[in-house]
Protein chains: 2
Amino acid sequence: MTGSAALPLRERIGQINQRLKGWEAVRWIDGRPRITDVLRREVDRWGGIGAIYGVLRADPWSKVRWADGIPPERSAEAYQAVQDHIVSQGAGLPALFVEEVPHGLMALGATTLPVNLALGAGMDVELTERLAAHVAAETRARGAHVALVSGLDMLRDPRWGRAEECFGEDPALAALLVSATVRGMQGSGAPGSPIPADRIAVVAKHLAGQGAGIGGRNGSGAPIGRRELGEVHLRPAYAAVRAGVAGFMAAYNDIDGIPCSAHRELLTGTLREDWGWRGLVMADGTAIDRLRDSSPDPASAAALALVAGVDLSLWDEAFTHVEEAVDRGLVDEEVVTQAADRVLDLKRRLGMLDDAVPVDVEPLDAREFATLVDRAAAQSVVVVHDQGGLPLPASGAVALIGPNADDLDAQLGDYTPPRPADDPTSSTVHQALVARLGADAVRVARGSRHRDVLDGGMNAVRDALADADTALVVLGGTSRRSYDDEFADNGAVDAPAPDTTNGEGVDLSRLALPEAQLALLRAARDSAARVIAVVIDGRPRPLDDVIALADAVVVAPFPGTSGGAAIVDALLTGRGGGLLPATLPRADGVLPVAHDERRETARGYLDARHPAGALLGTGAPTGLTVRLAPAALTIPASSLHDGGTVTIEAEVSNTTSGEISLPVPLYGRRHELGIRPRRRSLLAVQRVRLAAGGRTLLRYELGLDELGSWKAGRPEAVRAEVVVWATPTHDPGDDGGQTVVVHISDEEGRTGWDR
Amino acid sequence: MTGSAALPLRERIGQINQRLKGWEAVRWIDGRPRITDVLRREVDRWGGIGAIYGVLRADPWSKVRWADGIPPERSAEAYQAVQDHIVSQGAGLPALFVEEVPHGLMALGATTLPVNLALGAGMDVELTERLAAHVAAETRARGAHVALVSGLDMLRDPRWGRAEECFGEDPALAALLVSATVRGMQGSGAPGSPIPADRIAVVAKHLAGQGAGIGGRNGSGAPIGRRELGEVHLRPAYAAVRAGVAGFMAAYNDIDGIPCSAHRELLTGTLREDWGWRGLVMADGTAIDRLRDSSPDPASAAALALVAGVDLSLWDEAFTHVEEAVDRGLVDEEVVTQAADRVLDLKRRLGMLDDAVPVDVEPLDAREFATLVDRAAAQSVVVVHDQGGLPLPASGAVALIGPNADDLDAQLGDYTPPRPADDPTSSTVHQALVARLGADAVRVARGSRHRDVLDGGMNAVRDALADADTALVVLGGTSRRSYDDEFADNGAVDAPAPDTTNGEGVDLSRLALPEAQLALLRAARDSAARVIAVVIDGRPRPLDDVIALADAVVVAPFPGTSGGAAIVDALLTGRGGGLLPATLPRADGVLPVAHDERRETARGYLDARHPAGALLGTGAPTGLTVRLAPAALTIPASSLHDGGTVTIEAEVSNTTSGEISLPVPLYGRRHELGIRPRRRSLLAVQRVRLAAGGRTLLRYELGLDELGSWKAGRPEAVRAEVVVWATPTHDPGDDGGQTVVVHISDEEGRTGWDR
């Protein structure tokens, strides 16, 4: 390949700078795209630029609206204007067009998916991959090349506002879904192979440990050790590497004192040397400038990041000082060349360095895309509690109450473009309920705001409750962003609307539902014979109070545009489609909690029951039984290392009177000499669809990823004993002996761990 | 030296087993000590025993009371009976007598000191050392050899019930005070030298990272990295090593998955190989049995601990399986011999292997001891807030309210022996206030229990408040243990009395003062012109509500037997004697917090002010000014490495109208290339006593411990820039330029970090 070494240093530096906010580089004026002086100056400065972020971004931060944004069907035109300028006025190299695609492209008119946490509830690898393929095609058809995709972050503390961007709290779940996303978006080619014209390059974010930040505060320090880092936080990244991911975004946080953007051991040692990955590392927005505490000046910060292994900046001032850094001997010019080479290499994978061809990608079948989005929404609905509350009767009056009863924005999550004015495919709970039961049967009252009381709200609630046998109370949070909000320099909301509760920049110290919302539930309980609570939210919240007041509790992590229909369908059948992707904390003040904490030797809090309420995996009806044939299996560590697997068989039966469509997870506890075991971990998961009375046999293959020991950045095969079970209880002992014990033996064939 | 290799394996194993609870080995019956069959069986089993724990222990767990315990003045006699049996019936080797001495000997009639957290408030290295010498003499005079001494644990999450056992949250503070304790208790001889007859061997606990347990739960996992471990948690242990500490107790928790009792890298790699320490590692109570999760059987657990570097067990069954472990090849016999050698070596340091000499140690001067204890109590009182509330007027009626107004037990902390019936030297706040103001001036009402309302309490409060201009409201917690409590197998309380709030086994998820206590404060505010709140507690609590309701707020970490007088003196002069040794959290739900968190790049919680309320170091009146002569100092890293120091001069002035006796801490923020700095750390501290208008010049020497970089287990000298300041504000920028910048230069004399 032709490297960047032939370019003058200035142009190489241009290739590794991604300074512009794309919506400032081109404007839609008088029916066509006009490039701006912002773009002209930047191209002049460097003789071309390597990448440009967010030409299509539309949201309150960018201030781009339907009224003034680039029309969706003319996106390619806008991109082309930018590219023409860059290629003609620079040194002839096209720029990468980078867009936010955390749950669908963040552009006008693009399809918005349920948030990652909703996909986590569905635990559906195949669906996730198919959705990703549609998203990629839609994004590439607009003209973009690179998608910034959430998926590596682990939901380890729900105080974190970005909880919704995680697939869940379990690293195996995240690894399964992030690799499905990468395969779906990039295609299943070998790592480094060309990315097909209907797919898109993925930069997966964030690397690493952002979910381990102290107190769940965004970007706070993660003082974790190598095993915790590897086992929990690197596992999804390692899976993404093997799926061929094109890039990673370095996280804001430090790991045990070292900022990720300056973390050579992580970005070079683990990623490239240990894992053998060859791709592009992008900085998070202004993250290199945020090294100001850790370096004396911008040139030094740039050198620190480059030497660590960051290749491409995002909005940073620091990377404009790279030439100075080279002059001062802070970084070798070869390191700059290597970074620029990695930018060029991605362009090559995308076919951008071939003879210029016009963008003529067609999105995949739109109807299929919509069907898959609906399915993802349906699979995100989790029945957390049901004591005779479900199904919702199909006749009779329903009082529909609560701030999320009729709030489409609150179903969507953060990083979402503005909806079109006319959006017939979307549904709130209210809209869906009216569609199913008829307008006459539904009496709706919002009742409260998300955080505070609503003037007159309680009176309206009482009116709605009058004569209604059933109260449906839809509570929760919202990541809605407003065009009046104030934003930090990286787009995180800084001063959100008073009713906003979730999303980037909205970390909370109190997760219990606000009193204003609980009051609605109490009013419903006082009045209605049947009370069903639905919690639409992007983070796990303590729900003991809600469970105590309701006959049934259903949780839906921001389920997207068709979330209303998905929820109402689940209520009418009495069946959810997913399982909790993260554990509900018992109360504020017990955080962090996770289903896979290491076992503890003491009792826990005196003033609280066990910190964990409903565990990850909660949500199946009692009539779904999973039986493992109790057995003791043995696999030599050497075989595991070489790709060997063991097979666990599970007989799944639906003894209920209705259809069940749910994930069936397998859990394990791994005993290894000298290591304190996690209480349990997710080992594998498959979905089943079973008619009433139906039964099926599932086979789970467990290999090194599932059975290995994560001493550092990847699993190793060592002698151990893994107890495997299938029901979401605290302890395999609760499972009536339905366990399989897998022995990983050593070279001498000794089984178990040290018996 | 003669090693243990000459002993049969069984006897070597006897030397490393410490299975008995001493109070079960000897009973006081009919006026003399009688050894029990428990002791006889154990000595017969092993042909002697290495150590015996708690012959004198008296507390609700041991169920030993004044009525049936060994009379204090006859302790030596009881010990002698035990020793005579062990020496005569075993192989002739005497046993180590080990006792709990966390804040004074935990035996009938022994002197109880303020808890470590109170000493942390005083920040008085010299006083801590002198107190330790007295405690050692008193303990040795009773006949004991080894003191188990808290001091290594860091208060990083106040939900932890054992917060009171920590010197505070800052590692430098803990390092200063734990090394003073070791010097005081063992004498200042070189590491490994004989321990004088009036001193006692120290086993410092716990190693390591127990304060980093997730959620502040006792013994929960500490998934921290090497820098966090070294910088925060190992620093006190490293200081103790250099003070010559005889032993360490391994902690219950795991560090990044590896239980401390099985942590070879910690107990052998860091302690012995890296630090060159030669001493004895003891397990915590039943900690090796608690390796059951991490090893398949007891013999394997014992081998794991021995190989890691544990020498002596505590109550464990596992160490009785050592011979089996040797037979099965799980541990080399040499490792057992080495552990037994370490037990013998400590006996040798204590002179126990010399010709038997009767115990004839005299305690040091009792009057001086009492004076020092009083001083420690006075120095533990911290004025957190004063808006005209102090001083307490010496005349006029005072309504004295609250659960800690007249509760001596609540002043003492956990691990405390029962008080004698007649205890004229002790004082509650009520007793001290009556002594100062006269009984007529004081109207007392308990008002509430520690956690709940008290029947009729509020009526009594209103009566007390009638006509009182001043309300003194004494709130807080208690570590009181009751003889009716239920205990876990290691003495931690399992089912405490409903009013207990603190101490081992009493981790709390809610730290805000209970509503029953806040109601007292509100009643006082409604009625009295002046409201002074005193919080006697063993952990930092969120006090914003208290500060909002009171004209002054005083905090006293369990200040001990003379705490009442110390508090009343502080109130009457308006001056505390100490500074906060740990940061107050702003609210429940923001934990953990500490003054030395790394700087963060984002805003923090949307729904809470900065997580930290009053920072460590709060408590000085505004009239105490500390001025650093602004300067830039340089020291080469090589010089720092070789013991070089820089001197910082501070002019301290008392511009108030009263005497001030307080610590004067120096804070620093260290900038090192590629490391995210802690917001600030304590660098050094000295106490001053200044008359009104007085002024003095302090000199602080900063060396490698203060200025070095803790990449792992000890400080290294690397190029850096350390900004030094002296007032307890969040940021050196707030300090009006009163900073000194210390540059640590490299070999080429380049100063700063990379400029």
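Predicted model: local features only at pLDDT ≥ 70, side-chain atom pairs only at ≥ 80, totals over all residues.
Residues are numbered from 1 along each chain as its sequence is written, and chains are lettered from A in the order in which they are written. Local features need pLDDT of at least 70, side-chain atom pairs count only at pLDDT 80 or more, totals for chains, interfaces and linings use all residues, and side-chain values use heavy atoms, with hydrogens and water left out.

**Stop 1: the interface.** Select the residues of each chain in contact with the other (heavy atoms within 4.5 Å). The selection holds 72 residues from chain A and 72 residues from chain B. On chain A, R217(A), D293(A) and R676(A) lose the most area to chain B, together 13% of what that side buries. The two chains bury about 5900 Å² between them, 47% of it on carbon and sulfur atoms; buried area is the accessible area (1.4 Å probe) that two parts lose on being put together, summed over both.

**Stop 2: pairs across the interface.** Show R217(B) and E597(A), whose side chains form a salt bridge at 3.3 Å, N to O. The rule (a side-chain nitrogen of Lys or Arg within 4 Å of a carboxyl oxygen of Asp or Glu) finds 9 salt bridges between chain A and chain B.

**Stop 3: helix α6 of chain A.** Select residues 171-186 of chain A, a helix of 16 residues (a DSSP run of H or I, at least four residues). From first C-alpha to last, α6(A) reaches 22 Å, close to the 22 Å expected at 1.5 Å a residue, where the expected span is 1.5 Å times one less than the number of residues. Of its 16 residues, 14 are buried (under 20% relative accessible area; exposed is over 50%, partly exposed in between; 1.4 Å probe, protein chains only). Just after the helix, G187(A) has a positive phi of about 90°.

**Stop 4: R199 of chain B.** Move to the loop between α6 (171-186) and β6 (201-207) of chain B, where R199(B) sits. A polar atom of the R199(B) side chain lies 2.8 Å from the backbone oxygen of G184(B). Leaving aside neighbours within four places in sequence, the contacts of R199(B) include A133(B), A136(B) and R140(B).

**Stop 5: L572 of chain A.** Select helix α18 (residues 563-573) of chain A and pick L572(A). L572(A) counts as partly exposed because its relative accessibility is 24%. R436(A) lies 136 residues away in sequence and 9.2 Å away in space, C-alpha to C-alpha. Beyond four places in sequence, L572(A) is in contact with P391(A), L392(A), P393(A), A394(A), R436(A) and L437(A).

Methods
Helix = DSSP H or I, 4+ residues; strand = E, 2+ residues; numbered from the N terminus. Polar contact = N/O pair within 3.5 Å; in protein donor to acceptor, adjacent residues only side chain to side chain.
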